[in-house]
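This briefing covers a predicted model. The points below are grouped by topic and can be followed in the structure shown next.

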Amino acid sequence: RYIDQLKDLKGKKVFIRVDFNVPQDDKGNITEDSRIVGAVPTIKYALEQGAKVVLASHLGRPKGEKKPKYTMAPASKRLSQLIGKKVIQAPDCFGPEVDKLVDALKPGECLMLENVRFYPGEEKNDAEFARKLANGCDIYVNDAFAVSHRAHASVEAITKVIPTIAAGFLMRNEMTFFDKAMTNPVRPLVAILGGAKVSGKLEVLEKLVNKVDKIVIGGGMAFTFLKAMGYSVGKSLVEDELIVTAKKVMDKAKKRGVTFYLPVDCIVANAFDAKATNFVTTVQEIPEGWMALDIGPASATLFAETLRDAKTVIWNGPMGVFEMDAFARGTFAVAEAVGNCFATTVIGGGDTDAAVNKAGVADKVSYISTGGGAFLELLEGKTLPGVKALDVKSK
Ligand code: 3PG
């Protein structure tokens, strides 16, 4: 059930769990706000319906302690700019002062609680803490897709405390596009997987191999596969303990008729450094002592070619160390190819959306998920505790 299916929000206290866990610089300026932007439609809708809105989020990992660095204040300021309305910042997430602020809320007003991870009860999914947070609210709305893989008090336990629960519009978008890409994809379905390590993506790989028509592997993780194929990869990142697994994944792909693409060339450097000496080489000729930090131009062309007839594309993980300009071209080339292909394109996982934004093709992609870990867990085929809690109670 979604928020627009609830009757009459007017005058109701609506608790909306959002994920405003956004990156900030050391002065507390928000450097990327897509998670806040993503939650605006739900918040605006509730306010326009005359609800008294109580917002809750976590920020960072303050480990159950009140650390000023992790205050929600910059996020509520940003939200206030986006909705053109005052957002009252509470000094805490429960307690007598918060009670007063909640009681004083008028229809169409909005209060942001302080970071829910300032208390250990949040991560312990503690029922008592959830009750304190709920603060007599009538309706609970989960619009925090990006944290829905965590069974935490403001995501899970609270759904048992507040009588009426629903999902928000951001959650609806996330689930709709994910279903379009993975549950009922128009084929060919191509998955592009990158990032540093195979270990973080093993379950995803296993799942994708059973589902997709083509799989493209770039980034650091490609070199474990290349080594498994017998190449010498110099000092490139390799997880030796996963070489056997990498082989098995490739065998499985072959058996299923899934075409498996790996880089054919790469940019190698003599150090992990933005200013390191670097050059392009084929993967057969990586010199001893050098490390691959990006895919090369031929690989970028090859990977773009795999998308020519694609009808659905799912992409997670950069093709190289794209934070360093010298090793960013592969990721940008793939971002452009994804942006320009004639397919439903779904992108997820922190770094990947940063790459797409930097490459300037964000508005050409069908959907950019706000989830990092949550998106990966969906790709692994898991049911997210936050989503499950909504389903169970809505039935
Ligand atoms: C995220 O950034 O992936 C979510 O906000 C969850 O944060 P966490 O990994 O600290 O639980």
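**Ligand surroundings**

The shell around the ligand divides by class into two nonpolar, three polar and three charged residues. The residues that surround the ligand are Asp19, Asn21, Arg61, Ala146, Val147, Arg150, Gly372 and Gly373.

**Sheet with β1 to β6**

- An open sheet is formed by six strands, with parallel pairing, in the order β3-β4-β2-β1-β5-β6.
- At its edges are β3 (88-89) and β6 (164-167), each of which pairs on one side only.

**Sheet with β7 to β9 and β13 to β15**

- Another open sheet has six strands in the order β9-β8-β7-β13-β14-β15, and here the pairing is parallel.
- The edges are taken by β9 (259-261) and β15 (367-368); each has a single partner strand, so one side of each is left without a neighbour in the sheet.
- Strand β7 (residues 189-193) is paired with strand β13 (residues 312-316) in the parallel sense, and five bridges connect them.
- Ala191 has Ile314 in β13 as its bridge partner.
- Helix α6 (residues 169-183) lies across β13, β14 (344-347) and β15. The direction of α6 is at about 120° to β14.

**Packing of α1 and α2**

- Helix α1 (residues 34-48) packs with helix α2 (residues 73-83) at an angle of about 60°, and their axes are 10 Å apart.
- The two helices α1 and α2 are therefore oblique to each other.
- The crossing in which α1 passes α2 is right-handed.
- On the α1 side the contact is made by Ile36, Val37, Val40, Ile43 and Lys44; on the α2 side it is made by Ala75, Arg78, Leu79, Leu82 and Ile83.
- Of the residues in the contact of α1 with α2, eight are nonpolar, none is polar and two are charged.

**Packing of α7 and α9**

- Helix α7 (residues 202-209) and helix α9 (residues 243-256) have axes that come within 9 Å and cross at roughly 15°.
- This angle makes α7 roughly parallel to α9, since angles under 35 degrees count as roughly parallel.
- The crossing of α7 and α9 is left-handed.
- From α7, Leu202, Leu205, Glu206 and Val209 make the contact; from α9, the residues are Thr245, Val249, Lys252, Ala253 and Arg256.
- The contact of α7 with α9 has five nonpolar residues, one polar and three charged.

**Backbone features**

- Arg187 and Pro188 are joined by a cis peptide bond, with omega at about 0°.
- Pro188 is placed in the loop between α6 and β7.
- Asp8 has a phi near 55°, which is a positive value in a residue other than glycine.
- Asp8 is found in the segment before β1 (13-17).

Notes: Residues numbered from 1 in each chain as written. Predicted model: local features only at pLDDT ≥ 70, side-chain atom pairs only at ≥ 80, totals over all residues. Axes fitted to C-alpha atoms, helices over the stretch in contact; angles between N-to-C directions. Helix = DSSP H or I, 4+ residues; strand = E, 2+ residues; numbered from the N terminus. Parallel < 35°, antiparallel > 145°, perpendicular 65-115°, else oblique. Left-handed = near helix turned anticlockwise from the far one by under 90°. Contact = placed C-beta atoms within 7 Å. Nonpolar A, V, L, I, M, F, W, Y, C, P; charged D, E, K, R; others polar. Pairing = 2+ DSSP bridges. Near = placed C-beta within 6 Å.
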